[in-house]
Amino acid sequence: MSECIFCKIANGEIKSEILYKDEQVVAFKDISPRAAIHFLIIPVKHIPTVYDLEEEDNELVGHIFQVAKKLADEYNIAESGYRLVVNCKEDGGQEVFHLHFHLLGGEKLGAFC
Ligand code: 5GP
Ligand code: ZN
């Protein structure tokens with residue numbers, strides 16, 4: 001049994017506000033939102049960091065971006081815009097070591113880069 005918190009969210013062991021789910025991807029609300037809209041999109045497959053992605057995962061990553069688009073449509077931020085963020089390891093500020101894409105929007109976000 002996995003000790004990973006996001007694996008547990010993906011398999012339903014830990015409750016969260018699931019927004020989207022299919023065989024490959026799950027999206028849910030971040031427990032401590034830093035913007036009006038702050039969702040997390042994760043692969044069901046346990047991949048620790050973005051640096052651990054392999055060529056064989058390219059389709060999965062493309063699918064994640066399509067799920068982000070779908071959520072942007074559903075939550076009416078497709079026109080106003082949004083930000084997708086992936087933190088990687090310590091200097092990147094990654095806290096949960098199961099790959100996740102932050103989907104942020106619903107307000108003007110501060111300049112970052
Ligand atoms: P990181 O810093 O690793 O890029 O982001 C981890 C994110 O996961 C944080 O924004 C944090 O609020 C969120 N998070 C951590 N634990 C949980 C949880 O149990 N449920 C949900 N929904 N989000 C979580
Ligand atoms: Zn995991």
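Biologist: Which contact joins the side chains of His-38 and His-102, and how is such a contact to be read?

Modeller: A polar contact of 2.8 Å joins the side chains of His-38 and His-102. The term denotes a pair of N or O atoms within 3.5 Å; within protein, one must be able to donate a hydrogen and the other to accept it, and residues adjacent in sequence count only if both atoms are side-chain atoms. This is a predicted model, in which local features need pLDDT of at least 70 and side-chain atom pairs count only at pLDDT 80 or more, whereas totals for chains, interfaces and linings use all residues. Residues are numbered from 1 along each chain as its sequence is written, chains are lettered from A and ligands numbered from 1 in the order in which they are written, and side-chain values use heavy atoms, with hydrogens and water left out.

Biologist: Where is the place of His-38, and is His-38 buried or exposed?

Modeller: Elements are DSSP runs numbered from the N terminus: helices are H or I of at least four residues, and strands are E of at least two. His-38 has its place in strand 3. For accessibility, buried means under 20% relative accessible area, exposed over 50%, and partly exposed in between, with a 1.4 Å probe and protein chains only. His-38 is buried because its relative accessible area is 4%. Contact, in turn, means heavy atoms within 4.5 Å. Leaving aside neighbours within four places in sequence, His-38 is in contact with Lys-29, Asp-30, Ser-32, Pro-33, His-102, Leu-103 and Leu-104.

Biologist: What volume does the largest pocket have, and which residues are the closest to its centre?

Modeller: The volume is the space filled by probe spheres set on the points, which are joined across faces, edges and corners. Here the largest pocket has a volume of about 730 Å³. It is lined by 29 residues, of which Asp-30, Arg-34, His-38, Leu-40 and His-102 are the closest to its centre. Two or more lining residues come from each of helix 1 (5-10), strand 2 (25-29), strand 3 (37-43), strand 4 (82-85) and strand 5 (101-105).

Biologist: How do the residues of this lining divide into nonpolar, polar and charged?

Modeller: The lining holds 14 nonpolar, eight polar and seven charged residues. In this scheme Ala, Val, Leu, Ile, Met, Phe, Trp, Tyr, Cys and Pro are nonpolar, Asp, Glu, Lys and Arg are charged, and the others, Gly among them, are polar.

Biologist: Which residues come nearest to ligand 1?

Modeller: A residue counts as near a molecule if one of its heavy atoms lies within 4 Å of it. Around ligand 1 there are 17 residues, and Asp-30, Arg-34, Glu-95, His-100 and His-102 come nearest. For Val-96, a backbone N or O atom lies 2.9 Å from an oxygen atom of ligand 1.

Biologist: Where is His-100 found, and what does His-100 touch?

Modeller: His-100 is found in the loop between helix 3 (89-92) and strand 5. With a relative accessible area of 6%, His-100 is buried. Apart from residues up to four places away in sequence, His-100 touches Phe-6, Leu-40, Ile-41, Ile-42, Val-85, Val-86 and Gln-94. A polar atom of the His-100 side chain also lies 2.7 Å from the backbone oxygen of His-98.

Biologist: Where does Cys-88 lie, and which residues does Cys-88 touch?

Modeller: Cys-88 lies in the loop between strand 4 and helix 3, and counts as partly exposed at 26% relative accessibility. Beyond residues up to four places away in sequence, Cys-88 touches Thr-49, Val-50, Tyr-51 and Gln-94. Val-50 is found in the loop between strand 3 and helix 2 (58-74), and is partly exposed, with a relative accessible area of 31%.

Biologist: What is phi of Lys-89 near?

Modeller: Phi of Lys-89 is near 60°, a positive value in a residue other than glycine. Lys-89 is in helix 3. Asn-76, not a glycine, has a positive phi of about 60°, lies in the loop between helix 2 and strand 4, and is exposed, with a relative accessible area of 66%.

Note on methods. 1 Å grid on protein atoms, 1.4 Å probe; cavity = no way out; pocket = protein on both sides within 12 Å on 5 of 7 lines; lining within 4 Å.
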